[in-house]
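Please examine the sequence and the three-dimensional structure shown below. The briefing that follows describes selected features, grouped by topic.

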Amino acid sequence: MTLDLCSYKTAEMNEFSETELDVEHVANELGKMAYTGDVTLRFRFWSDFCAKNLRLVIEDPQLCTVNLNGMEVDCRTEGYYYSKAYPVVKLPDAVKKGENIIKYGMPIGHATEDIKKMQNAEFRMQNAEFR
């Protein structure tokens, strides 16, 4: 499953954006603002089942923070999705039936380069084992 729509929050914002946008549009918004600082993306997804043994594919996991339904994710790489450009991290067994939320935080220090990484990022979940 690709996680493509998200709301976002910068360090200056009290709440997440009301509108969910694709990651590329969020990156464009931040680029227009020439924003540097911490940004958090919030992805919502729904499941008909409780799921375990899920993996999240993200670029540069060592530079980010991730949590799933409020549980912190250990961002150590556990393999790759197709190539080393797409590291995989294990998600906690916290996917529940109904709405679930993944929050992905990253610092944006050099706006142009980091925004390009965000635009090119693919957030995927793989290897679901449903019960």
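Tyrosine 81 counts as partly exposed, at 21% relative accessibility; buried means under 20% relative accessible area, exposed over 50%, and partly exposed in between (1.4 Å probe, protein chains only). This is a predicted model, in which local features need pLDDT of at least 70 and side-chain atom pairs count only at pLDDT 80 or more, while totals for chains, interfaces and linings use all residues. Residues are numbered from 1 along each chain as its sequence is written, and side-chain values use heavy atoms, with hydrogens and water left out.

**Aromatic pair**

- The structure holds 1 aromatic pair; rings of Phe, Tyr and Trp (its six-membered ring) pair if their centres lie within 6.5 Å, and planes under 30 degrees apart count as stacked, over 60 as edge-to-face and the rest as tilted.
- The ring centres of tyrosine 81 and tyrosine 82 are 4.5 Å apart and the ring planes stand at 65 degrees, so the pair is edge-to-face.
- Tyrosine 82 is exposed, with a relative accessible area of 76%.

**Hairpin and neighbouring strands**

- Strand 9 (residues 80–81) pairs with strand 10 in the antiparallel sense over 2 bridges; two strands pair if DSSP finds at least two bridges between them.
- Helices (H or I, at least four residues) and strands (E, at least two) are DSSP runs, numbered from the N terminus.
- Strand 9 and strand 10 form a hairpin with 1 residue between them, and tyrosine 82 in the turn has a positive phi of about 70 degrees.
- Tyrosine 80 has proline 87 in strand 10 as its bridge partner.
- Strand 10 (residues 83–90) is also joined to strand 6 (residues 55–57) by 3 bridges, and these two strands run antiparallel.
- The bridge partner of arginine 55 in strand 10 is lysine 90.

- An open sheet of 6 strands has the order 3-2-4-11-7-8, with antiparallel pairing.
- Its edge strands, strand 3 (21–22) and strand 8 (71–72), each pair on one side only.
- Strand 2 (residues 5–10) and strand 4 (residues 37–47) run antiparallel and are joined by 4 bridges.
- Serine 7 stands opposite arginine 42 in strand 4.

**Asparagine 100**

- Asparagine 100 lies in strand 11 (residues 98–108) and counts as buried, at 0% relative accessibility.
- A polar atom of the asparagine 100 side chain lies 2.8 Å from the backbone nitrogen of lysine 96.
- Leaving aside neighbours within four places in sequence, asparagine 100 is in contact (heavy atoms within 4.5 Å) with residues including Phe43, Phe45, Asn69 and Val95.

**Helix 1**

- Helix 1 (residues 23–32) has Val23, Val26, Ala27 and Leu30 as its buried residues.
- Seen down the axis of helix 1, these buried residues fall within an arc of 100 degrees, so they line one face of the helix; the arc is that of the directions from the helix axis to the C-beta atoms.
- At the start of helix 1, a side-chain oxygen of aspartate 22 reaches to within 3.1 Å of the backbone nitrogen of glutamate 24.

**Cysteines**

- A search of the whole structure finds 0 disulfides; a disulfide is a pair of cysteine sulfur atoms within 2.5 Å.
- Cysteine 64 is in no disulfide, and the nearest cysteine sulfur, that of cysteine 75, is 4.2 Å away.
- Cysteine 64 is buried, with a relative accessible area of 9%.
- Cysteine 6 is buried, with a relative accessible area of 0%.

Methods: A polar contact is a pair of N or O atoms within 3.5 Å; within protein, one must be able to donate a hydrogen and the other to accept it, and residues adjacent in sequence count only if both atoms are side-chain atoms.
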